[in-house]
Amino acid sequence: MAKKRAGTPSWKQNHPNTLLTNSVERSERAVKQAMSHPEEFAVEHAFNSIERTDNALYNAEQRQEHVEIVEQNKEKLSQLKQQLQEVDETLKDLN
């Protein structure tokens with residue numbers, strides 16, 4: 001396996017859309033977990049995952065590559081945020 005040279009950009013810097021898509025998928029799994037098991041730690045994990053996805057979205061938007069893919073992921077992220085907010089409100093109502 002080749003060793004990474006110092007000063008070489010990481011794949012994350014070279015492929016922000018891939019990072020964004022992967023991050024959206026992880027957030028989707030975390031939100032689904034929170035929806036099926038509305039417990040505080042699951043909701044917190046989903047919020048943290050969405051926060052990382054927001055950062056990935058920002059980076060992808062800055063690179064302005066594959067705008068259509070970025071927009072699709074942005075819409076999906078918005079849906080996930082709404083779903084998670086509903087779970088969070090339900091959890092607060094139960095406590």
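At what angle do helix 2 and helix 4 pack, and how far apart are their axes? The angle is about 20°, and the axes sit 10 Å apart. This is a predicted model, and the protein in it has four helices and zero strands.

**The whole protein**
- Going along the sequence, you get the pattern α-α-α-α.
- Of the 95 residues in the protein, 28% are buried.
- If you take the contacts with a separation of 6 or more, 69% of them come from residues 24 or more positions apart.

**Helix 2 against helix 4**
- Helix 2 covers residues 16-36, while helix 4 covers residues 67-94.
- With an angle of about 20° between them, helix 2 counts as roughly parallel to helix 4, because angles under 35 degrees fall in that class.
- The two helices cross in a left-handed way.
- On the helix 2 side, the residues that meet helix 4 are N17, L20, T21, V24, S27, E28, V31, A34 and M35.
- Helix 4 answers with I69, V70, N73, K76, L80, Q83, L84 and V87.
- Sorted by class, this contact of helix 2 with helix 4 has ten nonpolar, five polar and two charged residues.

**A closer look at N73**
- N73 is part of helix 4, and is among the residues that helix 2 meets there.
- Is N73 buried or exposed? N73 is buried, at a relative accessible area of 10%; the cut-off for buried is under 20%, so N73 qualifies.
- Setting aside neighbours within four places in sequence, N73 is in contact with L20, T21 and V24.

**Helix 3 against helix 4**
- Helix 3 (residues 40-63) packs with helix 4 at an angle of about 160°, and their axes are 10 Å apart.
- That makes helix 3 roughly antiparallel to helix 4, since the class takes angles over 145 degrees.
- Helix 3 passes helix 4 in a left-handed crossing.
- From helix 3, the contact takes in E40, V43, A46, F47, I50, T53, D54, L57, A60 and E61.
- From helix 4, V70, K74, L77, L80, K81, L84, Q85, V87, D88 and L91 take part.
- By class, the contact of helix 3 with helix 4 comes out at twelve nonpolar, two polar and six charged residues.

Note on methods
Residues are numbered from 1 along each chain as its sequence is written. This is a predicted model: local features need pLDDT of at least 70, side-chain atom pairs count only at pLDDT 80 or more; totals for chains, interfaces and linings use all residues. Side-chain values use heavy atoms; hydrogens and water are left out. Buried means under 20% relative accessible area, exposed over 50%, partly exposed in between (1.4 Å probe, protein chains only). Contact means heavy atoms within 4.5 Å. Axes are lines fitted to C-alpha atoms, for helices over the stretch in contact, and angles run from 0 to 180 degrees between N-to-C directions. Angles under 35 degrees count as roughly parallel, over 145 as roughly antiparallel, 65 to 115 as roughly perpendicular and the rest as oblique. A crossing is left-handed if the near helix is turned anticlockwise from the far one by less than a right angle, and right-handed if clockwise. Ala, Val, Leu, Ile, Met, Phe, Trp, Tyr, Cys and Pro count as nonpolar, Asp, Glu, Lys and Arg as charged, and the others, Gly among them, as polar.
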